[in-house]
Amino acid sequence: MTESSELTRIVVVGASLAGLRASESLRSSGYSGSIRLIGAEDHLPYDRPPLSKKILTGEWEPEQIALRKADSFAEIDVEMLLGVPAVALDTRAHEVGLADGRSVSYDGLIIATGAAPRRLPGQPGYPGIFELRTLDDSLELRAALGEGVRVVVIGAGFIGLEAASSARRLGCRVTVLEGAPAPLIRGLGAEMGRAVATIHAAHDVEIRCDVQVAAIEGSSAGVTGVRLGDGSVVAADVVVVGVGVAPATGWLAGSGLELRDGIVCEASLRAVGMGYVYAAGDCARWPNQLFDEEMRVEHWTNAAEQGALAAANLVREANGEELEAYSAVPFFWSDQYDRRVQFIGRAFLPGEDEADYDIRIVRGTVDEGKFVALYGRRGRLRGVLGLSLPKYVMPFRALLARGASWDEALEFAAGQT
């Protein structure tokens, strides 16, 4: 690509995986102007998936999750503004306001601020209550875990169950509380959520579903337990709140960007109604043409790919070139104990019922603790779930990318060796 004189100052907000990949992509796309990378944390960009696993268990130390070595940032010539969150955006003046009172001007902007943990209503600030999103969160929680520590995890989603797995490996006594009828129900549905969660029973982790958390109890000395809706109390030395995340877009109020559970973007990841403003990663909502669905995806692969494409499209826009649509098959994984959960595609659209889907195990069994299940709807393959059978899961990605029919998917599965 040739470089446009319209772009000389690009600001990337979010020193995340998406933000770093955007910065790298700007250079590989031929952009030679200034890049300022703004990050709310003091740390250089790091990999988040290990926070609930290898960092939490102590198998890895922080330097092992760095996305680039500190001395390699000179190669991409990025000015780092770390430990100072963005608090406002003025799209007319082309300025990003920072928490320390400074304003940073831009010609092009990429927003990659990710997501932030949701909190429980009235959640107290007692010592021993943790959320798990940042490196500091993980290190503080790690210091509180150990043999015999009573840990209550609120939320049986992937982060909650990963934290439960890590705590159990450290010898903690772990109980997981979930308000829904089954674990992982939002991502996998009740049937497959229960199937995956059986690995926790084998490690003496109690998962209690259909329970309501009334309050977290404790004092300035520390947390003591979680009181449920029926009045009973689950004793705890540590409470991990894992009830999901929300896109980190509060600082964009009044900016003129369209916000709806994320920054609403075109297929190119350009913010709707804005020139030279793009979003990538957990905070971006865009129409995925492969699935004919507007979606926001909170997965590693999505963040990496979107960061790179948003940057490339920003340079294309400045050059008057056609923008590329981001059409991808969502993919995520979760490591729990010695098992790996993988999911490719999409399970349920908003408002859909699990009963509308054909969910079929095509290899292995739940009892074996290794299986592959296909999700189909209206004659089309929609998703593939695998538990500890990666060899049989990944080939389905190509089928999803070309919109394979349900019958094609079943035939493909039958032919796998």
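**Figure 1. Lining of the largest cavity in the predicted model**. Trp 286, Asn 288, Thr 301, Asn 302, Glu 305, Tyr 326, Ala 328, Val 329, Pro 330, Phe 331 and Arg 397 line the largest cavity. Strand S20 (284–288) and helix H7 (300–318) each give two or more residues to this lining. H7 gives the most, with three residues. Helices (H or I, at least four residues) and strands (E, at least two) are DSSP runs, numbered from the N terminus. By class, the lining has six nonpolar, three polar and two charged residues. Ala, Val, Leu, Ile, Met, Phe, Trp, Tyr, Cys and Pro count as nonpolar; Asp, Glu, Lys and Arg count as charged; the others, Gly among them, count as polar. The space in the largest cavity is about 50 Å³. A search of the whole structure finds one cavity of 30 Å³ or more. On a 1 Å grid over the protein atoms alone, a cavity is a set of points where a 1.4 Å probe fits but cannot get out; lining residues have an atom within 4 Å of a point. Grid points are joined across faces, edges and corners, and a volume is the space filled by probe spheres set on the points.

**Figure 2. The second largest pocket**. Its volume is about 230 Å³. A pocket is an open set of points with protein on both sides within 12 Å along at least five of seven lines. The lining has 18 residues; Pro 50, Lys 53, Lys 54, Asp 335 and Arg 340 lie nearest the centre of the pocket. Helix H2 (54–57), helix H4 (158–169) and strand S22 (331–336) each supply at least two lining residues. H4 has the largest share, four residues. Six lining residues are nonpolar, four polar and eight charged.

**Figure 3. Buried residues of helix H3 (residues 135–144)**. The buried residues of H3 pack against H2, strand S9 (129–130) and strand S16 (238–241).

**Figure 4. Ser 16 in the loop between strand S1 (9–13) and helix H1 (17–28)**. Ser 16 counts as buried because its relative accessibility is 15%. Leaving aside neighbours within four places in sequence, Ser 16 is in contact (heavy atoms within 4.5 Å) with Pro 45 and Ala 112.

**Notes.** Residues are numbered from 1 along each chain as its sequence is written. In this predicted model, local features need pLDDT of at least 70 and side-chain atom pairs count only at pLDDT 80 or more, while totals for chains, interfaces and linings use all residues; side-chain values use heavy atoms, with hydrogens and water left out.

Key. Buried < 20%, exposed > 50% of the residue type's maximum accessible area, 1.4 Å probe, protein only.
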